[in-house]
Amino acid sequence: MESSTRSPVFSHLSSSLQGIWTIRATKTEQQFQAKFDEHQDLHSETWFLFLSTSRWLAVRLDALCAVFVSIVAFGSIIIANQLDAGQVGLALSYAITLMGMFQWGVRQSAEVENLMTSVERVLDYTELESEAPWESYKPPPNGWPHHGVIVFEKVNFGYSPDCEPILKDLNLAIRSKEKIGLVGRTGAGKSSLISALFRLAEPEGKIIIDGLVTSELGLHDLRNSMSIIPQVLYELI
């Protein structure tokens, strides 16, 4: 619970630092600060809850161990005629030692359970569906693509099978040496069109480049034959 509320704090801080120029240009500092305070308050609440429950558990473990030591002490008094002073002292010494080990063991088990969240995430990643083969059974000819003719035939593209497709029944033909500009609002699918070309997620339908269907090519053969200029700006020092 604490780790799930900690991630949004760092994610929001990272995105704010990357877009600090845009934030200042649009004068939305107060909005981003309020959003950061909201994430930080939620994380502080869960962290305080974690500390409180830890202290709650520690107090009750101390009480339980104190009861155990008391039982050992009073039991030694009851059967004092059958024990000598050395055995009583040894029993009390082991009882006190066991009290500390018991508290440490319970706290460590709780900490292990808390850290197992990372292991669960790794196991979830191992169950993800693998990408298509890297190499083609029939590699494209050398220098492919020669002309750059791109044809989309009834292409549907989405990043998850559980979500609605972003590109729906797309039919498009781009001839050689044409310069195409895509215009649309945020989320309209401009970047998704490039993702479909590079098969970052598998599209439905056919995408044909110079007569070859991209879904029949290996990912390395396809992606090494195309290039892209990312829209992320870099600051050169």
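Which residues does S192 touch, not counting residues up to four places away in sequence?

A: S192 touches F157, Y159, I166 and L167, leaving out residues up to four places away in sequence. Contact here means heavy atoms within 4.5 Å.

First, some ground rules. This is a predicted model, in which local features need pLDDT of at least 70 and side-chain atom pairs count only at pLDDT 80 or more, while totals for chains, interfaces and linings use all residues. Residues are numbered from 1 along each chain as its sequence is written, and side-chain values use heavy atoms, with hydrogens and water left out.

Now the helix itself. S192 sits in helix α5. Helices (H or I, at least four residues) and strands (E, at least two) are DSSP runs, numbered from the N terminus. S192 has a relative accessible area of 6%, so S192 counts as buried. Buried means under 20% relative accessible area, exposed means over 50%, and partly exposed lies in between (1.4 Å probe, protein chains only). An α-helix has 3.6 residues a turn, so residues three or four places apart point the same way.

What covers these buried residues?

Take L197 next. Setting aside neighbours within four places in sequence, L197 is in contact with I150, F152, I207, I209, L222 and M226. L197 also belongs to the largest nonpolar core, which has 17 residues. Such a core is a set of buried Ala, Val, Leu, Ile, Met, Phe, Trp, Tyr and Cys residues joined through side-chain atoms within 4.5 Å. I150, F152, L197, I207 and I209 touch the most other members. At least two residues of this core come from each of β1, β2, α5 and β3.

Two strands pair if DSSP finds at least two bridges between them. β1 pairs with β2 through five bridges, and the two run antiparallel. In this pairing V151 stands opposite A173 of β2. β1 also pairs with β3, again antiparallel and with five bridges. Here F152 faces I207 of β3, and N156 stands opposite E204 of β3. In a regular strand the side chains alternate between the two faces of the sheet.

β3 goes on to another partner. Two bridges join β3 to β4 (residues 212–213), and these strands run antiparallel. I208 has V213 of β4 as its bridge partner. The hairpin of β3 and β4 has two residues between the strands, and D210 there takes a positive phi near 50°.

Back to the end of α5. R199 follows the helix, and its phi is positive, near 55°. R199 is buried, because its relative accessibility is 4%. The side chain of R199 still meets that of E202 in a salt bridge (3.0 Å, N to O). A salt bridge is a side-chain nitrogen of Lys or Arg within 4 Å of a carboxyl oxygen of Asp or Glu. Side chains of opposite charge can pair when their charged atoms come close. E202 is partly exposed, because its relative accessible area is 42%.

By this rule, the structure has four salt bridges. Another of them joins the side chains of R223 and E131 (3.5 Å, N to O). This pair links distant parts of the chain, 92 residues apart: R223 is in helix α6, and E131 is in the loop between α4 (85–126) and β1. R223 is partly exposed at 23% relative accessible area, and E131 is partly exposed at 48%. R175 and E178 also meet through their side chains in a salt bridge (3.1 Å, N to O). R175 counts as exposed at 59% relative accessibility, whereas E178 is partly exposed at 33%.
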